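Please look over the sequence and the fold before reading on.

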Amino acid sequence: MTPEELANLAHLRRARDLIDREYARQLDVAALARAALMSTAHFSRRFRATYGETPYAYLMTRRIERAKALLRHGDVSVTEACMAVGCASLGSFSARFTQLVGETPTAYRARDHSELESVPGCVAKDLTRPSRHPSRPGAEQYRRNALGAGSLVLSA
C-alpha cells in the first residue's frame, strides 16, 4: 500500500468514525467528504470501494443497528427509536429497517430477545448488526446452534 493510499484510508476512517459517533445528527455526503478532506464525488467512490457500501447506506446501517438495540429493550416506541437515531421520516425508517432486518420494527420490538441476555454485549452487537449480506461468517451458525443450546459456538 502506498503512502497516499494509507493517507486516504486514514481520511476515510475519520469520516466513518464521524458517522459512528454522530449518527443521530443530520449528516450529508458533503460534510463527510469535508471530514475526509476529499471532494464529494471522490469521497463517495473511495468510501464505497473501501467499505463496500455508500456513505449513506453505512449511515443508515448504523442507525438501524442503534434502533435495534433500543427496540430490544422494549422501553421505547418505534417512533421514539426512529427519532432517537436521527431519522426524520417514520415511513423511510420502517422501510429501511424492514429491508435490512427482514421484519418490521414493530415485529422486532415485540419479539422475545431474552436469548441475547446471556451473550456478551460485544458478541450480541455483532450478531444483531443489520447487514445487506446476511451470510456473514459465523453469525447464522451462532444463531442456529448457540441460542437454542445455550452455548457459544462461532464458526471461523
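A salt bridge is a side-chain nitrogen of Lys or Arg within 4 Å of a carboxyl oxygen of Asp or Glu. This is a predicted model: local features need pLDDT of at least 70, side-chain atom pairs count only at pLDDT 80 or more, and totals for chains, interfaces and linings use all residues. Residues are numbered from 1 along each chain as its sequence is written, and side-chain values use heavy atoms, without hydrogens and water.

The structure holds 4 salt bridges. Among them are these:

| Salt bridge | Closest N to O |
|---|---|
| R62 with E65 | 3.3 Å |
| R66 with E65 | 3.1 Å |

A network of salt bridges links R62, E65 and R66. R62 and E65 lie 3 residues apart in helix α4, so about one helical turn separates them. R62 is buried (under 20% relative accessible area; exposed is over 50%, partly exposed in between; 1.4 Å probe, protein chains only), at 6% relative accessibility. E65 is buried too, at 7%. R111 is partly exposed, at 36%.

Helix α4 (residues 55-73) also packs on helix α1 (residues 3-21). Helices here are DSSP runs (H or I, at least four residues), numbered from the N terminus. The angle is about 30° and the axes are 9 Å apart. Axes are lines fitted to C-alpha atoms over the stretch in contact, with angles from 0 to 180 degrees between N-to-C directions. Contact (heavy atoms within 4.5 Å) involves R16, I19 and D20 of α1 and P55, Y58, L59, R62 and R66 of α4.

Technical notes. Helix = DSSP H or I, 4+ residues; strand = E, 2+ residues; numbered from the N terminus.
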